[in-house]
Amino acid sequence: HNDLSASSAAAILQGPKLQSLNLFANEAIGQSGGEVLMLALCEAAELYALDLGGCCIDAAVVRDMCMALSASPLGVAPNLACLELCANEFNEAACAEAFQQLRDARPSLDVVWRNKAPPPQEATG
């Protein structure tokens with residue numbers, strides 16, 4: 001659990017040579033903080049992994065983040081290989097198209113976004 005403000009986390013993201021940032025369960029991030037962090041991603045040239053799980057980020061921020069990462073894969077966090085967004089406050093169906101666009105634009109980017117495990121499949125028989 002982190003108690004960083006969104007602006008502090010954004011300042012860290014802009015640090016030179018930062019490769020990984022874990023902000024899991026930092027509920028102070030929320031919607032406005034998610035937007036601040038999204039802008040800071042433009043400066044995160046070396047960032048390899050970002051964990052925003054459990055940060056109370058909503059669907060609008062998730063969609064905007066996916067759009068920014070999709071539209072400029074070489075300009076916005078070009079080395080990002082792992083983005084964790086699970087346990088946030090967004091409806092997965094509302095973000096499905098944005099996640100698909102991100103997968104198409106950056107197939108090597110591993111995005112963890114499920115808010116809960118899918119129900120087990122029943123054996124047919």
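A: Strand S3 (residues 82–84) and S4 pair in the parallel sense, over three bridges. Two strands count as paired if DSSP finds at least two bridges between them. This is a predicted model, where local features need pLDDT of at least 70, side-chain atom pairs count only at pLDDT 80 or more, and totals for chains, interfaces and linings use all residues. Residues are numbered from 1 along each chain as its sequence is written, and side-chain values use heavy atoms, with hydrogens and water left out.

Q: Okay, and which residue stands opposite Val 112 in S4?

A: That's Glu 84.

Q: What order do the strands of the sheet have?

A: The order is S1-S2-S3-S4, in an open sheet of four strands with parallel pairing. Strand S1 (20–22) and strand S4 (110–112) are the edge strands, each pairing on one side only. On average, neighbouring strands of this sheet are turned by 5° against each other, direction ignored.

Q: Zooming out, how many helices and strands does the protein have?

A: Four helices and four strands. Those are DSSP runs numbered from the N terminus: helices are H or I with at least four residues, strands are E with at least two. Along the sequence, the pattern reads α-β-α-β-α-β-α-β.

Q: Let's do helices, then. At what angle do the axes of H1 and H2 cross?

A: Roughly 15°, and the axes of helix H1 (residues 6–13) and helix H2 (residues 30–40) come within 9 Å. Axes here are lines fitted to C-alpha atoms, for helices over the stretch in contact, and angles run from 0 to 180 degrees between N-to-C directions. H1 and H2 are therefore roughly parallel to each other; angles under 35 degrees count as roughly parallel, over 145 as roughly antiparallel, 65 to 115 as roughly perpendicular and the rest as oblique.

Q: Which residues meet there?

A: From H1, Ala 6, Ser 7, Ala 9, Ala 10 and Leu 13 meet Gly 33, Val 36, Leu 37 and Ala 40 in H2. Contact means heavy atoms within 4.5 Å. By class, this contact of H1 with H2 has seven nonpolar, two polar and no charged residues. For the classes, Ala, Val, Leu, Ile, Met, Phe, Trp, Tyr, Cys and Pro count as nonpolar, Asp, Glu, Lys and Arg as charged, and the others, Gly among them, as polar.

Q: Is Ser 7 buried or exposed?

A: Ser 7 is exposed, with a relative accessible area of 51%. Buried means under 20% relative accessible area, exposed over 50%, and partly exposed in between (1.4 Å probe, protein chains only).

Q: And how do H3 and H4 cross?

A: The axes of helix H3 (residues 59–71) and helix H4 (residues 92–105) come within 9 Å and cross at roughly 15°. H3 and H4 are therefore roughly parallel to each other. The residues of the contact of H3 with H4 divide into ten nonpolar, two polar and one charged.

Q: New topic: what's up with phi of Ala 25?

A: Phi of Ala 25 is near 60°, a positive value in a residue other than glycine. Ala 25 sits in the loop between S1 and H2, and is buried, with a relative accessible area of 18%. Cys 56 also has a positive phi near 60°, and its place is in the loop between strand S2 (49–51) and H3.

Q: Last one: how much of the protein counts as buried?

A: 43% of its 125 residues.
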